Every structure is written in structure tokens, then in C-alpha cells.
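Biologist: Before we discuss this chain, could you set out the terms you rely on and then take my questions in turn?

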Amino acid sequence: MPSSSRQGERGFDLLVTSNGVDFDVITRDGFGDPYNHGLRVFGVTDEGLCIGTANPFYGTQVWKLIDHNKKVEEPISIEYRTHMQNEGWQPYAADGAMSGTSGKGLRLEGIKIRLTGDLANTYSVEYRTHVQNDGWQKWVKDDAMSGTKGKGLRLEGI
């Protein structure tokens, strides 16, 4: 019996293709960490693809994958806006800037995330939130609201 059958395979597979037919392997074992059992795409930048792994023991690990053979010439950016208790929707922020309020003790109740730039119509961003007393919400994408509005419940995870 193969050893992978006895021990159970761990990690996740990540492959890449340029034509949808032929695939190259990037990892078959969660980047060498057997506890990385899932993968989430966080964003495409001009420096590479940033992804996060689902790891119940060590938390999310963030990886940046770079294709040294291809230079991304068309910029892409990520924008997000947050819905705050008593204040409603905040203006869009981008690329790591703070969105919401600071020092006011207000709940973050919802978020919208979108891609901008020349490649924004080529890619999508998908996300979901964990809401107080309600749990994980359904996956949404491309500037759809995740969370709640007017229920007085805070986001506990994105």
C-alpha cells in the first residue's frame, strides 16, 4: 500500500495553467506544511499573486507567488469600504490603507471589496465574513456587501 494511503495526504494542491489544458504544479503539499488544508486568493498585484492558507493550528499564512518569466504590465489594485455602527458606509480605501474609524469604539458591521485597474474585469475577488452570533456568511464577490447593516452585529472575521 502506498505510504500516502496509509498516512493520508495532507496539505493542498496548487497548479497553474495558461491555456486551461496543460497544468504545472506549484505545490502538492500545502507549501510543505501538512496543516495547510485550504487556499484563499487575496489579490493579484504587480509584484505577484498574494494568497493565504487555511491552517487551523497556526492561523493563516500569507504567501506571495512571483512568476519571474512574466512581467505584469497592467496594474490592478484592491479597494474596500466598511459599514460602521452609527456612521454607515465609509469612503473606499485601497491597498492596505485603514478603512473604518479609530478610537471611537464603533462596530465594523459590513464590508465591500473590489478590484480596480486595467485587469479588474479579468479577475474577481471573493470574500466572506464571520458575524457575531450568526457565524460565517455566504461567499460574495466583486463589491457585494458581506456582513450586516442595521442589526447591531459586529464582524468578527473576514
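Modeller: Buried stands for under 20% relative accessible area, exposed for over 50%, and partly exposed for what lies in between, with a 1.4 Å probe and protein chains only. This is a predicted model, in which local features need pLDDT of at least 70 and side-chain atom pairs count only at pLDDT 80 or more, while totals for chains, interfaces and linings use all residues. Residues are numbered from 1 along each chain as its sequence is written, and side-chain values use heavy atoms, with hydrogens and water left out.

Biologist: Which class of accessibility does Val25 fall into?

Modeller: Val25 sits in strand 2, residues 23-27, where strands (E, at least two residues) and helices (H or I, at least four) are DSSP runs numbered from the N terminus. Because its relative accessibility is 46%, Val25 counts as partly exposed.

Biologist: What is the area of the nonpolar surface patch that Leu15, Phe23 and Val25 make?

Modeller: A patch takes residues with over 30% relative accessible area and no salt bridge, joining nonpolar side chains (Val, Leu, Ile, Met, Phe, Trp, Tyr) within 5 Å and like charges within 9 Å. A salt bridge here is a side-chain nitrogen of Lys or Arg within 4 Å of a carboxyl oxygen of Asp or Glu, and accessible areas come from the Shrake-Rupley method with a 1.4 Å probe, only the protein chains shown counting as cover for residues. For Leu15, Phe23 and Val25 together the patch comes to about 260 Å².

Biologist: What is the bridge partner of Val131 in strand 12?

Modeller: Strand 11, residues 130-131, pairs with strand 12 in the antiparallel sense over 2 bridges. In strand 12, the partner of Val131 is Gly135.

Biologist: What is the phi of Asn133?

Modeller: Asn133 belongs to the loop between strand 11 and strand 12, and it counts as exposed because its relative accessibility is 72%. Although Asn133 is not a glycine, its phi is positive, at about 65 degrees.

Biologist: Which element has the highest mean pLDDT?

Modeller: pLDDT is the predictor's confidence in each residue, from 0 to 100, and its mean over the protein chain is 80. Among the elements, helix 1 (residues 3-7) has the lowest mean, 47, whereas the highest, 93, belongs to strand 14.

Methods: Pairing = 2+ DSSP bridges.
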